Amino acid sequence: MHCFHVCLIVFFAICGCSSSLKITLPPELQEYVDDLHKLCLEKGGLTENDHQTYDINHKNEKMMCYMKCLMLESKWMKPGGEIDYDFIETQAHPEVRDLLLNALNKCRTIEEGKDLCEKSYNFNKCLYEADPVNWFFV
């Protein structure tokens with residue numbers, strides 16, 4: 001899977017299933033999203049119900065680590081914890097590029113958190129706050 005596609009699918013903040021965007025993922029991309037979602041649920045010991053009932057306004061250790069898994073697997077975060085803004089920008093899918101960059105520019109300075117799970121949460125929470133209408137959780 002090319003990084004170009006990874007950035008579309010992992011943009012858990014501003015793409016994909018949002019009804020206001022009307023973006024439909026190609027089948028192979030949807031399959032990758034599903035595989036990534038399943039991988040990170042399994043790594044975190046989470047269920048579909050945990051994911052479906054999660055509220056981004058509440059910190060939950062397992063869900064924060066799920067976000068870390070998504071970010072590391074998508075290469076949005078480097079193993080050392082640095083968010084790779086350049087990678088995200090250069091690999092953004094044209095259909096969501098403007099939405100993504102608008103939100104991303106509001107989230108360049110976030111709290112580090114106590115660990116990479118909390119940092120991932122802080123980043124995703126910022127993206128949510130930057131565009132709550134289009135935000136969705138992979």
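A residue counts as buried when its relative accessible area is under 20%, as exposed when that area is over 50%, and as partly exposed in between. By this rule, buried residues make up 49% of the 138 residues in the protein. Please keep in mind that this is a predicted model.

**Exercise 1. The overall fold**

Task: Find how many helices and how many strands there are in the protein, and write down the pattern along the sequence.

Solution: 
- Step 1. Count the elements: the protein has seven helices and zero strands.
- Step 2. Read them off along the sequence, and the pattern is α-α-α-α-α-α-α.

**Exercise 2. Aromatic rings**

Task: Find the aromatic pairs, and decide whether the rings of Trp 76 and Phe 123 are stacked or edge-to-face.

Solution: 
- Step 1. Two rings pair if their centres lie within 6.5 Å, and planes over 60 degrees apart count as edge-to-face. This rule gives two aromatic pairs.
- Step 2. Take Trp 76 and Phe 123: their ring centres are 6.2 Å apart and their planes stand at 75°, so this pair is edge-to-face.
- Step 3. Now place the two residues. Trp 76 sits in the loop between helix 4 (61–73) and helix 5 (85–91), while Phe 123 belongs to helix 7 (residues 116–130), so the pair ties together parts that lie 47 residues apart in sequence.
- Step 4. Check the accessibility. Trp 76 has 0% relative accessibility and therefore counts as buried; Phe 123, at 0% too, is buried as well.
- Step 5. Turn to the other partner of Phe 123. Tyr 85 and Phe 123 form an edge-to-face pair, with 6.1 Å from centre to centre and 75° between the planes. Tyr 85 is in helix 5 and Phe 123 in helix 7, so this pair ties together parts 38 residues apart in sequence. Both Tyr 85 and Phe 123 are buried.

**Exercise 3. Salt bridges**

Task: Say how many salt bridges the structure holds, then describe some of them.

Solution: 
- Step 1. The test is a side-chain nitrogen of Lys or Arg within 4 Å of a carboxyl oxygen of Asp or Glu. The structure holds seven salt bridges.
- Step 2. One of them joins Glu 73 and Lys 43, with the closest N and O atoms 3.0 Å apart. This pair links distant parts of the chain, as Glu 73 is in helix 4 and Lys 43 in helix 2, 30 residues apart. Glu 73 is partly exposed because its relative accessibility is 31%, whereas Lys 43, at 55%, is exposed.
- Step 3. Another salt bridge brings together the side chains of Lys 114 and Glu 61, at 3.3 Å from N to O. Here, too, distant parts of the chain are linked: Lys 114 is in the loop between helix 6 (97–105) and helix 7, Glu 61 is in helix 4, and they are 53 residues apart. With 62% relative accessibility Lys 114 is exposed, and with 36% Glu 61 is partly exposed.
- Step 4. Glu 82 and Lys 78 also meet in a salt bridge, at 3.8 Å from N to O. Glu 82 has 47% relative accessibility, so Glu 82 is partly exposed; Lys 78, at 34%, is partly exposed as well.

**Exercise 4. A charged patch**

Task: Which residues gather in a patch of negative charge on the surface?

Solution: 
- Step 1. The patch is made of Glu 31, Asp 34, Asp 35 and Glu 48.
- Step 2. Ask where they come from: helix 2 (residues 27–44) gives the most, with three residues.
- Step 3. Glu 48 has its place in helix 3 (residues 48–52). Its relative accessibility is 38%, so Glu 48 is partly exposed.

**Exercise 5. Apart in sequence, and in space?**

Task: How many residues apart in sequence are Val 138 and Val 33, and what is their C-alpha to C-alpha distance in space?

Solution: 
- Step 1. Locate Val 138: the segment after helix 7 holds this residue.
- Step 2. Val 138 and Val 33 are 105 residues apart in sequence, and their C-alpha atoms are 7.4 Å apart in space.
- Step 3. Check the cover: the relative accessible area of Val 138 is 6%, so Val 138 is buried.

Technical notes
Residues are numbered from 1 along each chain as its sequence is written. This is a predicted model: local features need pLDDT of at least 70, side-chain atom pairs count only at pLDDT 80 or more; totals for chains, interfaces and linings use all residues. Side-chain values use heavy atoms; hydrogens and water are left out. Patches are made of residues with over 30% relative accessible area and no salt bridge: like charges are joined within 9 Å, nonpolar side chains (Val, Leu, Ile, Met, Phe, Trp, Tyr) within 5 Å. Accessible areas come from the Shrake-Rupley method with a 1.4 Å probe; for residues, only the protein chains shown count as cover. Lys and Arg count as positive and Asp and Glu as negative; His and the chain ends are not counted. The place of a charge is taken as NZ of Lys, CZ of Arg, CG of Asp or CD of Glu. Helices (H or I, at least four residues) and strands (E, at least two) are DSSP runs, numbered from the N terminus. Buried means under 20% relative accessible area, exposed over 50%, partly exposed in between (1.4 Å probe, protein chains only). Rings of Phe, Tyr and Trp (its six-membered ring) pair if their centres lie within 6.5 Å; planes under 30 degrees apart count as stacked, over 60 as edge-to-face and the rest as tilted.
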